[in-house]
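Subject: Structure handover

Hello,

Here is the structure I promised to pass on. Please open it first, then read my notes below.

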Amino acid sequence: GDADRMTVHPEEQRIRDLHRSLLDSWNARDAAGMASLISSNGNVIGFDGSQMNGRAEVERTLGAVFANHPTARYVSVVREVRFPKADLAILRAVVGMVPPGKSDINPDVNAVQSLVAVRTNGEWLIELFHNTPAAYHGRPEESAALTAELRRALHG
């Protein structure tokens, strides 16, 4: 909640905000907004393994996705933000998706996200964003626990 935000280091909050802006842009079906957060030659790996390389391709590809498909909206829980170097950040999160017209997440598309950002001239941009299905093959209890956690985040 908001009380937690006050204890977060300012640079960590910037990385959390970068991730939040990426998801908010997706939720708003704003391809240009998403692309603006990616470095000029950054990479995005989608849930299905499709790859978009470079800001221009991200904007073009997502523009077509948003034009042709009603997309679900993200709910997220950030697991970790760390800084291996002062100008390099790694964020790990879990996400659920709420299908259009629904009020609950679809557990079949829960995912794990990794974001790598680099700060250049004071601006953080995403170099790599990777979205992987949280399938947890053979471990239904882990899948159920993640779904429950994401539902709490959704309704929290």
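Strand β1 (residues 38-45) runs parallel to strand β6 (residues 123-133), and four bridges join the two. Strands here are DSSP runs of E with at least two residues, helices are runs of H or I with at least four, and both are numbered from the N terminus. Two strands count as paired if DSSP finds at least two bridges between them.

This is a predicted model: local features need pLDDT of at least 70, side-chain atom pairs count only at pLDDT 80 or more, and totals for chains, interfaces and linings use all residues. Residues are numbered from 1 along each chain as its sequence is written, and side-chain values use heavy atoms, leaving out hydrogens and water.

**The sheet**

Look at β1 and β6 again. I38 stands opposite I126 in β6. N43 stands opposite L128 in β6. On to β2: β1 pairs with β2 in the antiparallel sense, over three bridges. There, V44 faces M52 in β2. The hairpin of β1 and β2 has five residues between the strands, and G49 in this hairpin takes a positive phi near 90°. As background, strands of a sheet pair through backbone hydrogen bonds, either parallel or antiparallel.

Now the whole sheet. Six strands form an open sheet with mixed pairing, in the order β2-β1-β6-β5-β4-β3. Which strands stand at the edges? They are β2 (51-53) and β3 (73-85); each has a single partner strand, so one side of each is left without a neighbour in the sheet. On average, neighbouring strands of this sheet are turned by 15° against each other, direction ignored.

**Helices on the sheet**

Helix α2 (residues 10-27) packs on the sheet. It touches β1, β3, β4 (88-98), β5 (111-120) and β6. Its direction makes about 150° with that of β3. Contact means heavy atoms within 4.5 Å. Axes are lines fitted to C-alpha atoms, for helices over the stretch in contact, and angles run from 0 to 180 degrees between N-to-C directions. Helix α5 (residues 140-155) lies across β3 and β4, at about 100° to β3.

**The aromatic cluster**

Rings of Phe, Tyr and Trp (its six-membered ring) pair if their centres lie within 6.5 Å; planes under 30 degrees apart count as stacked, over 60 as edge-to-face and the rest as tilted. By this rule there are three aromatic pairs. One of them is W26 with F66: edge-to-face, 5.1 Å centre to centre, 70° between the planes. W26 is in helix α2 and F66 in helix α4, 40 residues apart.

How far apart are the ring centres of W26 and Y74? They are 5.7 Å apart with planes at 55°, so the pair is tilted. W26 lies in helix α2 and Y74 in strand β3, so this pair ties together parts 48 residues apart in sequence. Ring pairs link W26, F66 and Y74 into a cluster.

Are these residues buried or exposed? Buried means under 20% relative accessible area, exposed over 50%, and partly exposed in between (1.4 Å probe, protein chains only). W26 is buried at 14%, F66 at 7% and Y74 at 8%.

T71 is in the loop between α4 (55-68) and β3. At 18% relative accessibility, T71 counts as buried. Leaving out residues up to four places away in sequence, T71 touches W26, R29, V65, F66 and P100.

Best wishes
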